[in-house]
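Let's take a friendly tour of a protein chain, stopping at a handful of spots. Have a look at the sequence and the 3D view, then read on.

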Amino acid sequence: MSSSTRPTGLIANSGIELLTFGTPNGHKATIILEELKESYGKTYTYQSINIMENVQKEPWFTKFSPNGRIPAVVDHDRNQFSVFEGAAILSYLVRHYDPEHKFSFEDADDLSRAEQWVAWQHGGLGPMQGQANHFFRLAKERIPYPTQRYVGESERLYGILDNQLKDRDYLVGEGRGKYSIADIANFSWVNWAYFAGINLAQFPNLNKWRLKEEPGFKESEQKLTDLANKAKEQYGYNFASALKFLKQSFYNDPIRTDFPFRIREVVEGMLRRVRQTINQILVINQAEAEAESKEGYLPTDLS
Ligand SMILES: N[C@@H](CCC(=O)N[C@@H](CS)C(=O)NCC(=O)O)C(=O)O
C-alpha cells in the first residue's frame, strides 16, 4: 500500500471509530458494528490498519490498543473511551449500543452462556487456529510436528463447536438458539477454516452454519461464479497459469497472508480487504519473489 494512505491518528470526532484490518479477529468487530448499523442506524467510522506495515505498533495506535494488535474501537461520544481485544469490544458495543438485546441476552444465564462461548473463542479457537494458519500455510518451513499439533487441536475445537450446534442454529438461546455475539466471535474464525487446512465437511453442523442466510445470498454467489466462468472463457484461462502466478507473486511474498482465496462479502470490511489486497498484489516485486522461490520456499502441495 502506498505510504500516503498510512493512518497517523484518529480521524473522527463523534461516534465509534474502528481501527481494524481484514483478519478473523478484525471481522468480529466489523460484523457487530455492521449489525448495529443495520438494526439501530448506528453508523461508525473505520480506518484500515495495515498490520503488514506495522501501523499497529505505532505509539498513536498503542495508546488505544496497548498490545499493538487490531482490532480496537474508540468511542468519541464517551470521551474517547477505547477498547482493545475482540471479546471486550463485542461486550462493550452490545452493552452500550444494543438496548433491545438483539445480539446479546437480557437473561443473566443466557448472557453468561454467550460470554462463555466468546471466551472459548478468545482463549482457544482463535489462538489455536492462528497457529494452525501459521504452520499449515504461512511458515517459511513445513514442519510436521507443530502442523499436526495445531491443525489437530483446531479440529478438536471445531468438533466441540459442531456438537454445540447439533439440533440448533445458534450457539446460545432457547430452542434453536438466537444469533448473538457468541456466533459472531466464532463464525469469524470458522469462516477462515480453509486457510488453516481444516475441511469443514467433517463438521456437518458447522458446514451448514451461516452467519445469516441473507436473502439473495445464493443468487449473488451464483452470479459471481457465472461472471468468473465467462471471464475465464474470454481470456482462455487455464489452471496451470494461475498456479504459476500464485507461486511467483503470492506464496513467495510477505503479503501472501492477505490473499482472498474465498471472498464472502458478508460485511463491508471484507470488501475493503479485497480492494486492499488487489492493490498490494499489483505492487509485488517479481524479482524478489522469484529469488525466494529458488530457495525452496514454496509450499510443497503447490509445487
Ligand atoms: N485476542 C486478540 C487478538 C488480536 C490479534 O491477534 N490481532 C492480529 C490480527 S488477527 C494482529 O493485530 N496482528 C499483528 C501483530 O501481531 O502485530 C483479539 O481477539 O482481538
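In which loop is Asn54 found? Asn54 is found in the loop between strand 2 (44–48) and helix 2. This is a predicted model, in which local features need pLDDT of at least 70 and side-chain atom pairs count only at pLDDT 80 or more, while totals for chains, interfaces and linings use all residues. Residues are numbered from 1 along each chain as its sequence is written.

**The whole chain**

- The secondary structure comes to 11 helices and 4 strands; helices (H or I, at least four residues) and strands (E, at least two) are DSSP runs, numbered from the N terminus.
- The chain has 303 residues, and 32% of them count as buried. A residue is buried if 20 or more other C-beta atoms lie within 10 Å of its own, exposed if 12 or fewer, and partly exposed in between, with C-beta atoms placed from the backbone.
- Among contacts in the chain with a separation of 6 or more, 68% join residues 24 or more positions apart. Two residues are in contact if their C-beta atoms, placed from the backbone, lie within 7 Å.

- Most residues other than glycine have a negative phi, and most peptide bonds are trans.
- Asn54 is not a glycine, yet has a positive phi of about 60°. Asn54 counts as exposed because it has 11 C-beta neighbours inside 10 Å.
- Glu85, also not a glycine, has a positive phi of about 80°. You will find Glu85 in the loop between strand 4 (81–84) and helix 3. With 18 other C-beta atoms within 10 Å, Glu85 is partly exposed.
- The peptide bond from Ile70 to Pro71 is cis, with omega near 0°. Pro71 lies in the loop between helix 2 (59–62) and strand 3 (72–75).

**Around the ligand**

- The residues surrounding the ligand include Glu85, Ile70 and Pro71, along with Thr23, Asn25 and His122. A residue is near a molecule if its C-beta atom, placed from the backbone, lies within 6 Å of it.
- By class, this shell has 3 nonpolar, 7 polar and 2 charged residues. Here Ala, Val, Leu, Ile, Met, Phe, Trp, Tyr, Cys and Pro count as nonpolar, Asp, Glu, Lys and Arg as charged, and the others, Gly among them, as polar.

**Two helices side by side**

- Helix 3 (residues 86–97) and helix 6 (residues 181–190) pack at an angle of about 150°, with their axes 11 Å apart. So helix 3 is roughly antiparallel to helix 6, a label given to angles over 145 degrees.
- Gly86, Ala87, Leu90 and Val94 in helix 3 meet Ile181, Ile184 and Ala185 in helix 6. That contact has 6 nonpolar, 1 polar and no charged residues.

**Two residues in loops**

- Ala193 sits in the loop between helix 6 and helix 7 (204–207). Ala193 is buried because 21 other C-beta atoms lie within 10 Å.
- Leaving aside neighbours within four places in sequence, Ala193 is in contact with Ile198 and Leu200. The C-alpha atoms of Ala193 and Gln129 are separated by 8.1 Å, though these residues are 64 residues apart along the chain.
- His76 is in the loop between strand 3 and strand 4, and with 15 C-beta neighbours inside 10 Å, His76 counts as partly exposed.
- Not counting residues up to four places away in sequence, His76 touches Ala12, Asn13, Ser14, Gly15 and Glu17. Between the C-alpha atoms of His76 and Ala12, 64 residues apart along the chain, the separation is 7.6 Å.

Conventions. Axes are lines fitted to C-alpha atoms, for helices over the stretch in contact, and angles run from 0 to 180 degrees between N-to-C directions. Angles under 35 degrees count as roughly parallel, over 145 as roughly antiparallel, 65 to 115 as roughly perpendicular and the rest as oblique.
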